[in-house]
Amino acid sequence: MGNMNLWHDFLEEVQKTKSANTYESYRNALKYFPTGSIDEIRDFIGGNLKDSTKKQTLQILKVALRYNDMYDKSYSRLIKGYKPNKTVQECPTDKEVETVWRNIMSHKVRAMFALMAYNGLRVGEVAGLDMSDLLSGNRLLLRNTKGKRDAIIPLVHPRVVNEIKAYIKERKGDSPALFLNRFGDRMSTGGIVNLFHREFRDNGMKYHAHSLRRYFANTLSKAKIPVQDIQVAMRHSDISTTMRYLNIDEDRTKSVLQEVYHAV
């Protein structure tokens, strides 16, 4: 999709300092801009890719332009002027979560499900857990999480505690990883994503693994936990990120309508 000479030095630096996955995503993003021209960016913004993909790609482009000393006012206006549509992501209801839970037969899958639904772990964090991360006193060490921070997470929900214990009793394999696939190797992030996509699909639902993290946030919100405390529990550096997880408008509108129509 074009000549990458413009971005050669930048990508070489990325390859030296970032992970292989990051390098690959940067390289693929910059293929849309072989000459780095304003017209290429306009065409890209007007294209048919998902808004989330466009936003991520433009952020990568901005970093590359700055590296090449090309990020002037014209680029800034164009990239900053792009406003992706904020899509509404549905959150599983308590009833739906219970339905999926009842139909999961494996202690391993239940343990992963519980960590995401009742502790708000990200898929990558679940995949990255080692046996040594299980601490005494029902605590969990999350190493090098998003934002490059370690965190100690209390395991309080009985489903989390009980299913982890049940899984460990039957777990087989010498890998240091906590969750193993059928070959005895660490479960990959993609493997967990696909697993839960199937679990939801088999129960007639269109949710995905990350929906459980949204469920966790909204469960805290419905329990009247202040958003600042939800931010801490979600391990977000910016409270605006936490707000995007919360279906507050929907819940508040429902409450208002119920008050009105029950009064009629």
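**Charges and salt bridges in a predicted model**

The protein chain carries 43 positive and 30 negative side chains, and the centres of these two sets lie 2 Å apart. Keep in mind as we go that this is a predicted model.

The protein chain has 14 helices and three strands. Taken along the principal axes, its C-alpha atoms fill a box of roughly 65 × 55 × 35 Å. Of the 264 residues in the protein chain, 40% are buried. The chain exposes about 16,000 Å², and carbon and sulfur atoms supply 51% of that area. If we take the contacts between residues at least 6 apart in sequence, 57% of them join residues at least 24 apart.

Now back to the charges. Side chains of opposite charge can pair when their charged atoms come close.

Start with helix α2, which spans residues 20–30 and contains both R27 and E24. These two are three residues apart, about one turn of the helix, and their side chains meet in a salt bridge with an N to O distance of 2.6 Å.

The next stop is a pair from separate parts of the chain. The side chains of E125 and R235 meet in a salt bridge, again listed at 2.6 Å from N to O. E125 belongs to helix α8 (residues 123–127), while R235 lies in the loop between α12 (227–234) and α13 (239–245), so this pair ties together parts that are 110 residues apart in sequence. Both E125 and R235 are buried; for each of them, that label means a relative accessible area under 20%.

D202 is exposed, with a relative accessible area of 58%, whereas R201 is partly exposed, at 46%.

Finally, some salt bridges share partners, and these join D130, D133, R143 and R186 into one network. With that network in view, you have followed the charges from the chain as a whole down to individual side chains.

Note on methods: Residues are numbered from 1 along each chain as its sequence is written. This is a predicted model: local features need pLDDT of at least 70, side-chain atom pairs count only at pLDDT 80 or more; totals for chains, interfaces and linings use all residues. Side-chain values use heavy atoms; hydrogens and water are left out. Helices (H or I, at least four residues) and strands (E, at least two) are DSSP runs, numbered from the N terminus. Buried means under 20% relative accessible area, exposed over 50%, partly exposed in between (1.4 Å probe, protein chains only). Contact means heavy atoms within 4.5 Å. Accessible areas come from the Shrake-Rupley method with a 1.4 Å probe; for residues, only the protein chains shown count as cover. Lys and Arg count as positive and Asp and Glu as negative; His and the chain ends are not counted. The place of a charge is taken as NZ of Lys, CZ of Arg, CG of Asp or CD of Glu. A salt bridge is a side-chain nitrogen of Lys or Arg within 4 Å of a carboxyl oxygen of Asp or Glu.
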